[in-house]
Amino acid sequence: MYDFYPFSVVPLQYPYNALEPYIDEKTMFYHHNKHYQAYVDKLNKILEDNPVLQRYDLESLVVKANSLPQSLATEIRNNAGGVYNHKLYFSTMTPNKTQPSDFLLKKINSDFGSFENLKNKLKDNALAQFGSGYAWLVYTNGCLRIIRTANQDVPLLTLNYPLLPVDIWEHAYYLKYQNRRNEYFENWFKIINWDEVEERYILAMNKRC
Ligand code: MN
């Protein structure tokens with residue numbers, strides 16, 4: 001249902017206004033209920049017209065995108081990517097105060113030097129991305145890294161396993177923050193669901209080739 005055709009939007013685990021004042025209710029509603037939904041609807045339509053792709057799960061579609069015929073490749077890359085990235089974005093935010101466990105923090109300190117360095121590097125990438133895209137905490141070959149991607153590209157395309165995205169499309173912040181992407185980042189950082197990030201980290205560590 002969330003990972004197989006026909007795809008559907010994963011319901012938010014908290015009300016639309018739960019992330020106030022960091023992310024406002026209106027932005028959350030339009031982002032989740034309209035933008036994310038639109039990617040799901042478009043992906044379902046593409047698969048309806050291309051039934052041979054219906055047996056692939058979301059992750060496989062994202063990874064397979066580039067090996068498809070050109071016109072289909074772009075459509076799948078954008079829309080399966082949009083579904084994948086939004087599912088992850090909304091699940092890694094929470095109104096509950098969380099923080100990295102000692103286990104995760106030890107890895108962060110080892111790979112970035114400090115938690116502050118991780119934040120700064122993620123922020124630098126979020127601010128440096130030209131146009132629409134995401135900045136990410138990913139897990140690659142045993143290491144935590146920060147990368148950024150354009151449009152709805154997914155880190156899996158470059159063999160990075162995504163742990164935490166920050167959506168820097170304007171639809172993610174423009175209603176409240178207008179051009180102040182920096183302020184959006186600072187406030188988004190306060191509502192990260194570190195429990196979910198850690199779950200993904202453990203999943204990534206145990207993933208087989
Ligand atoms: Mn978005």
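Pro6 is found in the segment before α1, where helices (H or I, at least four residues) and strands (E, at least two) are DSSP runs numbered from the N terminus. The peptide bond that leads from Tyr5 to Pro6 is cis, with omega near -10°. Pro21 also lies in the segment before α1. The bond from Glu20 to Pro21 is cis as well, and its omega is near 0°.

The structure is a predicted model, in which local features need pLDDT of at least 70 and side-chain atom pairs count only at pLDDT 80 or more, while totals for chains, interfaces and linings use all residues. Residues are numbered from 1 along each chain as its sequence is written, and side-chain values use heavy atoms, with hydrogens and water left out.

Positive phi values were found in residues other than glycine. Asn141, which is not a glycine, has a phi of about 45°. Asn141 is found in the loop between β1 (133–140) and β2. With a relative accessible area of 77%, Asn141 is exposed; buried means under 20% relative accessible area, exposed over 50%, and partly exposed in between (1.4 Å probe, protein chains only). Leu159 has a positive phi near 60° and is likewise a residue other than glycine. The position of Leu159 is in the loop between β2 and β3. Leu159 is exposed, at a relative accessible area of 74%.

The chain is assigned domain 1 (25–91) and domain 2 (102–208), the bounds coming from an automatic or database domain assignment. Taken over C-alpha atoms, the centres of domain 1 and domain 2 are separated by 20 Å. Contact, meaning heavy atoms within 4.5 Å, involves 19 residues of domain 1 and 23 residues of domain 2.

The size of an interface is often given as the accessible area lost when the parts come together. Buried area is the accessible area (1.4 Å probe) that two parts lose on being put together, summed over both. Between domain 1 and domain 2 this area is about 1800 Å², and carbon and sulfur atoms give 58% of it. Of the area that domain 1 buries against domain 2, 32% is supplied by Asn85, Leu88 and Tyr89, more than by any other three residues.

Nine residue pairs (both at pLDDT 80 or more) are in polar contact between domain 1 and domain 2. A polar contact is a pair of N or O atoms within 3.5 Å; within protein, one must be able to donate a hydrogen and the other to accept it, and residues adjacent in sequence count only if both atoms are side-chain atoms. On the side of domain 1 that touches domain 2, the elements giving two or more residues are α1 (25–49), α2 (58–64) and α3 (70–91). Helix α3 provides the largest share of that side, 10 residues. The residues of that side divide into six nonpolar, 10 polar and three charged. In this division Ala, Val, Leu, Ile, Met, Phe, Trp, Tyr, Cys and Pro count as nonpolar, Asp, Glu, Lys and Arg as charged, and the others, Gly among them, as polar.

Side chains of opposite charge can pair when their charged atoms come close. A salt bridge is a side-chain nitrogen of Lys or Arg within 4 Å of a carboxyl oxygen of Asp or Glu. Eight salt bridges are found in a search of the whole structure, and the count between domain 1 and domain 2 is two.

Arg77 forms a salt bridge with Asp153, with the closest N and O atoms 2.8 Å apart. This pair links distant parts of the chain, 76 residues apart: Arg77 is in helix α3, and Asp153 is in the loop between β2 (143–150) and β3 (161–167). Arg77 is partly exposed at 28% relative accessibility, whereas Asp153 is buried at 17%.

A salt bridge also joins the side chains of Lys119 and Glu186 (2.8 Å, N to O). Lys119 in helix α5 (residues 115–128) and Glu186 in helix α7 (residues 181–189) are 67 residues apart, and the pair links distant parts of the chain. Lys119 counts as buried, at 15% relative accessibility, and Glu186 is partly exposed, at 23%.

In a further salt bridge, the closest N and O atoms of Glu183 and Arg180 are 2.7 Å apart. Glu183 is partly exposed at 35% relative accessibility, and Arg180 is partly exposed at 34%. Salt bridges that share partners join Lys119, Lys123 and Glu186 into one network.
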